[in-house]
Amino acid sequence: MPANRRFRNVARIGPVQVATSYDQRGREKHTAACTGPRCGFSADYDSRAAAELAARTHRCPVR
């Protein structure tokens, strides 16, 4: 079953979007997801700083 998330505080760093949401247990999570074509990178982090660092250092494998 897909997670129904409401993202807030959305920022874009290059091709990667960073957003904040709550998981099913009510904990705050930060997500970094690449919007590049055929990339597929996305990850959840416990801190906003970690998600933004992942966004800044991400390199799409497909060019």
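Lys29 sits in strand E3, residues 28–34; helices (H or I, at least four residues) and strands (E, at least two) are DSSP runs, numbered from the N terminus. This is a predicted model, in which local features need pLDDT of at least 70, side-chain atom pairs count only at pLDDT 80 or more, and totals for chains, interfaces and linings use all residues. Residues are numbered from 1 along each chain as its sequence is written, and side-chain values use heavy atoms, with hydrogens and water left out.

- The side chains of Lys29 and Asp46 are joined by a polar contact of 2.6 Å. A polar contact is a pair of N or O atoms within 3.5 Å; within protein, one must be able to donate a hydrogen and the other to accept it, and residues adjacent in sequence count only if both atoms are side-chain atoms.
- Beyond its neighbours within four places in sequence, Lys29 is in contact (heavy atoms within 4.5 Å) with Ala19, Thr20, Ser21, Asp23, Tyr45 and Asp46.

**Strand pairing**
- Strand E1 (residues 8–13) and strand E2 (residues 16–22) pair in the antiparallel sense over 4 bridges; two strands pair if DSSP finds at least two bridges between them.
- Arg12 has Gln17 in E2 as its bridge partner, and Ala11 has Val18 in E2.
- The hairpin of E1 and E2 has 2 residues between the strands, and Gly14 in its turn has a positive phi of about 65 degrees.
- E2 also pairs with E3 in the antiparallel sense, over 7 bridges, and Val18 stands opposite Ala32 in E3.
- The hairpin of E2 and E3 has 5 residues between the strands, and Gly26 in the turn has a positive phi of about 85 degrees.

**Burial and core**
- How many of the 7 residues of E2 are buried? The count is 5, so E2 is largely enclosed by the rest of the structure. Buried means under 20% relative accessible area, exposed over 50%, and partly exposed in between (1.4 Å probe, protein chains only).
- E1 is hardly covered, with 0 buried residues among its 6.
- The largest nonpolar core has 8 residues: Val16, Val18, Ala32, Cys34, Cys39, Ala51, Ala55 and Cys60. E2, E3 and helix H1 (48–57) each supply at least two residues of this core. A nonpolar core is a set of buried Ala, Val, Leu, Ile, Met, Phe, Trp, Tyr and Cys residues joined through side-chain atoms within 4.5 Å.
- Val18, one of the core residues, has contacts beyond four places in sequence that include Asn9, Val10, Thr31, Ala32, Arg48, Ala51, Glu52 and Ala55.

**Arg8 in E1**
- Arg8 lies in strand E1 and counts as partly exposed because its relative accessibility is 34%.
- A polar contact of 3.1 Å links the side chains of Arg8 and Tyr22.
- Leaving aside neighbours within four places in sequence, Arg8 is in contact with Ala19, Thr20, Tyr22 and Glu28.
- Arg8 and His30 are 22 residues apart along the chain, with their C-alpha atoms separated by 9.7 Å.

**Gly40 in the loop**
- Gly40 is placed in the loop between E3 and strand E4 (42–45).
- Is Gly40 buried or exposed? Gly40 is exposed, because its relative accessible area is 69%.
- Gly40 and Cys60 lie 20 residues apart in sequence, and their C-alpha atoms are 8.9 Å apart in space.
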